[in-house]
Amino acid sequence: MSTAAISLDKVQSCVDALPALPQAVREVMQALQRDDVSVERSVHLIEQDQSLAARTLRVANSAFYGMSGRVGRIGDAVTLLGLRAVSGVLLAVSFTHGLDTLRCSGFSFRGYWRHSMATALAARLLAPRLRLDPDEGFVAGLLHDIGKLVLVAHFPAEGAQALALARSADVSDVEAERATLGLSHAEIGAVLVRHWRFPAEVVQAVEHHHQPTAAADPAARSLAELIEVANVVAHALDLAEEPLEVVPPLDPALWLRLDLSDTAALTLLAGVEQGVDDMCRALTL
């Protein structure tokens, strides 16, 4: 058994020292957590930050939403996308801005984003089949691998070691991380998402998306199952363009619960593939 090269206490110290997110993102996230969110106030905050406003409009006008060139106001964009989804995108993009991921040999920032967006879009499209909220599924899917960014930006040598093992031994990232570091990107991600004060079910979904049965709360387990299957769909599509892609195993019973016909499954795959290109182009990722 390996000795952990990175402890959760060390991860927590790193997360606590992260720069503050933009004011608009912080205030919208805080309001969502209190369930007293004012859409008008949130729209105003986003409008005051030119960078956030531009990103919001680019996403709303992406071909994925079928409104290309027709959304010119932030209020209309929030109505179309959902405030929770808008805040999730802005948070994730704001967090990655300025991160140095180049020091971690073997890590592809572009590949990371394409896979995360594919998982988010698949989760949004599949959520109704599991009677879950599409916006929450989208956000959890977008953030499910956020721990990888903490790992490669703040612990680049350890991250490179895990990536090298995954490729040389043809094992999943999680297996390689646990073998070399003693913990996984999912556990690291949960520390960050908890720091951002997301609901407990989102924290648990991020932490347990590779093993949903480990989630203690039934709601969190359901969300983790959604992210697990969305993650598998994203890996199967290989939109990260990883030459040694490893598709995680999936419980056949979970796939059957989605009740997807062959036609519906093909439509899902095509929608995710096109959506990733549209969304990443809109966000210039």
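1. A polar contact here is a pair of N or O atoms within 3.5 Å, where within protein one atom must be able to donate a hydrogen and the other to accept it, and where residues adjacent in sequence count only if both atoms are side-chain atoms. By that criterion, the side chain of D278 makes a polar contact with the side chain of R281, at 3.3 Å. D278 belongs to helix α16, residues 262–282, helices being DSSP runs of H or I with at least four residues, numbered from the N terminus. Because its relative accessibility is 6%, D278 counts as buried, a class that means under 20% relative accessible area, with exposed meaning over 50% and partly exposed lying in between (1.4 Å probe, protein chains only). If residues up to four places away in sequence are not counted, D278 touches S62, A63 and F64, contact being defined as heavy atoms within 4.5 Å.

2. On the basis of the model: this is a predicted model, in which local features need pLDDT of at least 70 and side-chain atom pairs count only at pLDDT 80 or more, while totals for chains, interfaces and linings use all residues. Residues are numbered from 1 along each chain as its sequence is written, and side-chain values use heavy atoms, with hydrogens and water left out.

3. Helix α4 (residues 50–60) and helix α5 (residues 74–81) pack at about 50 degrees with their axes 9 Å apart, the axes being lines fitted to C-alpha atoms over the stretch in contact and the angles running from 0 to 180 degrees between N-to-C directions. The two helices are therefore oblique to each other, given that angles under 35 degrees count as roughly parallel, over 145 as roughly antiparallel, 65 to 115 as roughly perpendicular and the rest as oblique. On the α4 side the contact is made by A53, T56, L57, V59 and A60, and on the α5 side by I74, A77, L80 and L81.

4. On helix α9: this helix, residues 146–154, is mostly covered, with eight of its nine residues buried. The buried residues are I146, G147, K148, L149, V150, L151, V152 and A153.

5. On V232: this residue is found in helix α14, residues 218–237, and it counts as buried because its relative accessibility is 11%. Leaving aside neighbours within four places in sequence, V232 is in contact with V247, P248, P249 and L250.

6. On A5: this residue sits in the segment before α1 (8–16) and, at 31% relative accessibility, counts as partly exposed. Apart from neighbours within four places in sequence, its contacts are K10, E158, T180 and L181. The C-alpha atoms of A5 and V86 are separated by 36 Å, the two residues being 81 apart along the chain.

7. Two backbone points deserve a look. Most residues other than glycine have a negative phi. D170, although not a glycine, has a positive phi of about 55 degrees; D170 is placed in the loop between α10 (156–169) and α11 (173–181) and is exposed, with a relative accessible area of 55%. R197, also not a glycine, has a positive phi of about 65 degrees; R197 lies in the loop between α12 (185–195) and α13 (200–207) and is exposed, with a relative accessible area of 63%.
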